[in-house]
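Hi,

Here is the structure I said I'd hand over.

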Amino acid sequence: MLVPSNVCFYNYFPGIIYILVIMLILNKTARVFFKPSKRKVDGFLRSFNFHPGILFLHKIVLGIETSCDDTAAAVVDETGNVLGEAIHSQTEVHLKTGGIIPPVAQQLHRENIQRIVQEALCASGISPSELSAIATTIKPGLALSLGVGLSFSLQLVDQLKKPFIPIHHMEAHALTIRLINKVEFPFLVLLISGGHCLLALVRGVSDFLLLGKSLDIAPGDMLDKVARRLSLIKHPECSTMSGGKAIEHLAKQGNRFHFDINPPMQRAKNCDFSFSGLQHVIDKIIMQKEKEEGIEKGQILSSAADIAAAVQHTTACHIAKRTHRAILFCKQRDLLSQSNAVLVVSGGVASNLYIRRALEIVTNATQCTLLCPPPRLCTDNGIMIAWNGIERLRAGLGILDNIEGIRYEPKCPLGSLQVFCILSLIYTLQTTESFNLHEVMGRRDTAIGF
Ligand code: KG4
Ligand code: ZN
């Protein structure tokens with residue numbers, strides 16, 4: 001027999017109140033006798049799907065990330081609470097070998113994944129049976145690294161009988177901001193790290209319009225190569241820093257005006273990037289300086305700080321100019337709000353304050369809001385993967401009950417690159433060519449010296 005929904009609710013109402021009272025009494029009694037930690041009480045209440053002040057089914061996702069050189073896991077709930085997190089970074093090992101050696105990364109992931117997932121789950125205080133789903137990065141990334149995360153996750157999914165959510169690593173980077181800020185779609189995202197460099201319009205959880213990408217290497221990769229060529233690992237102040245961080249640190253002591261380097265792709269009427277040309281220019285400068293200073297390759301140049309300042313400045317200029325084009329294009333095409341546009345910047349290179357400042361100048365000049373996740377969420381982590389799982393659960397997108405035939409994909413572009421978009425991008429940017437970034441930046445911030 002069909003029962004009207006309001007009758008159904010009122011029939012159950014006294015029962016719900018009764019259960020609530022019993023749970024509160026149990027909670028209070030348990031506190032008197034055992035003085036349990038807040039986490040344990042929360043876990044106990046969650047097992048009844050009860051949260052202080054809220055009575056509904058709470059989504060909780062375990063996220064697992066192994067796409068590159070970090071083994072990371074986190075447990076996040078649908079309100080964005082990070083219940084538990086753990087990470088094992090391989091940076092120190094790869095710094096010693098002068099770059100990531102994939103079989104070494106794979107071995108380190110294998111040695112650490114079980115412990116890291118266990119640590120994240122333990123820290124969260126929830127039992128695996130309480131998870132709504134398991135989300136794991138399956139694309140893009142290093143094949144050997146992705147494989148470890150995927151096979152571990154599939155075993156866990158099979159054991160716990162939970163849904164599986166395959167995650168695109170770049171999508172996760174792009175959506176991380178929504179865990180901490182109330183950012184509505186659409187917004188513009190700039191992802192800059194050691195392995196990525198792209199500009200995209202985020203129109204929905206899984207709806208991206210790719211506006212530009214690096215035609216060769218990523219900015220972090222270029223900065224790492226320059227730092228290695230400068231032997232910054234031997235520099236007493238930089239020995240434990242990543243290449244990009246070492247360049248930022250040293251640049252503060254240098255004078256960028258000692259070198260005059262043109263930003264790449266000045267004439268290209270699109271939003272693509274390029275960094276390998278810049279790397280070769282810097283290589284030549286270093287060789288020349290080594291000759292002048294009479295030192296061997298592998299020793300630290302007295303002009304290393306000046307070179308660091310020049311490469312950082314040129315990188316910032318290039319990134320800022322391409323981003324400026326993308327903002328203008330989106331505004332002209334009404335793809336972004338005229339008055340309320342948001343630019344999100346993420347990835348390891350986004351933690352560089354000089355590059356952030358350059359982007360701030362661009363966003364101020366175009367009436368955009370610049371948002372950057374905190375550094376620990378800019379670099380690879382498990383939280384962004386778990387959060388992407390939550391976003392997908394809420395949107396009902398890509399949640400798999402059957403994991404048969406699921407594969408990792410080392411190469412996988414983000415979003416669509418529509419032909420109409422490329423054509424109109426070229427058109428729009430030709431019309432905005434007269435905009436002089438040097439002038440705008442110079443006027444607004446002489447300290448940075450654009
Ligand atoms: O996002 P991430 O942890 O890993 C991926 O590449 O996916 O980014 C690491 C990259 C490295 O290339 C590192 O040199 C660069 O980010 N990086 C920086 C800074 N901190 C890390 N680049 C410039 N300035 C920094 N402060
Ligand atoms: Zn990444």
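**Notes on the model**

Let me begin with a loop: Ser-231 sits in the one between helix 8 and helix 9. Bear in mind throughout that this is a predicted model. Ser-231 isn't a glycine, yet its phi is positive, about 55°. Is Ser-231 buried or exposed? Its relative accessible area is 9%, and buried means under 20%, so Ser-231 counts as buried.

You'll find Asp-334 in the loop between helix 11 (304-332) and strand 11 (342-346). The cut-off for exposed is over 50%, so Asp-334, at 61% relative accessibility, falls in that class. As background for why I picked these out, most residues other than glycine have a negative phi, and most peptide bonds are trans.

On peptide bonds, the one from Phe-185 to Pro-186 is cis, with omega near -5°. Pro-186 belongs to the loop between helix 7 (177-180) and strand 8 (187-192).

**The ligand**

Which residues come nearest to ligand 1? There are 19 residues around it, and the nearest are Gly-194, Asp-224, Gly-244, Glu-248 and Gly-348.

For Gly-244, a backbone N or O atom is 2.9 Å from an oxygen atom of ligand 1. For Gly-348, a polar backbone atom is 3.0 Å from an oxygen atom of the ligand. There is a side-chain contact as well: a polar side-chain atom of Ser-351 lies 3.5 Å from a nitrogen atom of ligand 1.

On its own, ligand 1 has 550 Å² of accessible area, and the protein covers 89% of that. Helix 8 (219-229) and helix 9 (243-251) are the elements that give two or more residues to the shell. Helix 9 gives the most, with four residues. By class, the shell residues split into 13 polar, four charged and two nonpolar.

Helix 4 (residues 102-124) is worth a look for its geometry. At 1.5 Å a residue, its 23 residues should span 33 Å, and the end C-alpha atoms are 31 Å apart, which agrees. Even so, helix 4 bends by about 45° at Asn-112. Asn-112 is itself among the buried residues of this helix, along with others including His-109, Ile-113 and Ile-116. Gly-125 follows helix 4, with a positive phi near 75°.

Helix 12 (residues 353-365) has 13 residues and reaches 18 Å from its first C-alpha to its last, close to the 18 Å expected. What caps its N-terminal end? That would be Asn-352, with a side-chain oxygen 2.9 Å from the backbone nitrogen of Tyr-354. Tyr-354 is buried, and so are other residues of helix 12, among them Ile-355, Arg-356 and Leu-359. After helix 12 comes Gln-367, with a positive phi near 55°.

Helix 14 (residues 382-395) is 14 residues long, and the distance from its first C-alpha to its last is 20 Å, close to the expected 20 Å. How many of its residues are buried? Twelve of the 14, which leaves helix 14 mostly covered. The buried set includes Trp-387, and also the charged residues Glu-391 and Arg-392. At the start of helix 14, a side-chain oxygen of Asn-381 reaches to within 3.0 Å of the backbone nitrogen of Ile-383. Ile-383 is another of the buried residues. Gly-396 follows helix 14, and its phi is positive, near 65°.

**One last loop**

Pro-410 has a relative accessible area of 35%, between the 20% and 50% cut-offs, so it counts as partly exposed.

Cheers

Conventions:
Residues numbered from 1 in each chain as written. Chains lettered and ligands numbered in written order. Predicted model: local features only at pLDDT ≥ 70, side-chain atom pairs only at ≥ 80, totals over all residues. Heavy atoms only, no water. Near = heavy atom within 4 Å. Polar contact = N/O pair within 3.5 Å; in protein donor to acceptor, adjacent residues only side chain to side chain. Areas by Shrake-Rupley, 256 points an atom, 1.4 Å probe, with all protein chains shown as cover. Expected span 1.5 Å × (residues − 1). Bend = angle between axes of the 7 residues up to and from the residue. Buried < 20%, exposed > 50% of the residue type's maximum accessible area, 1.4 Å probe, protein only.
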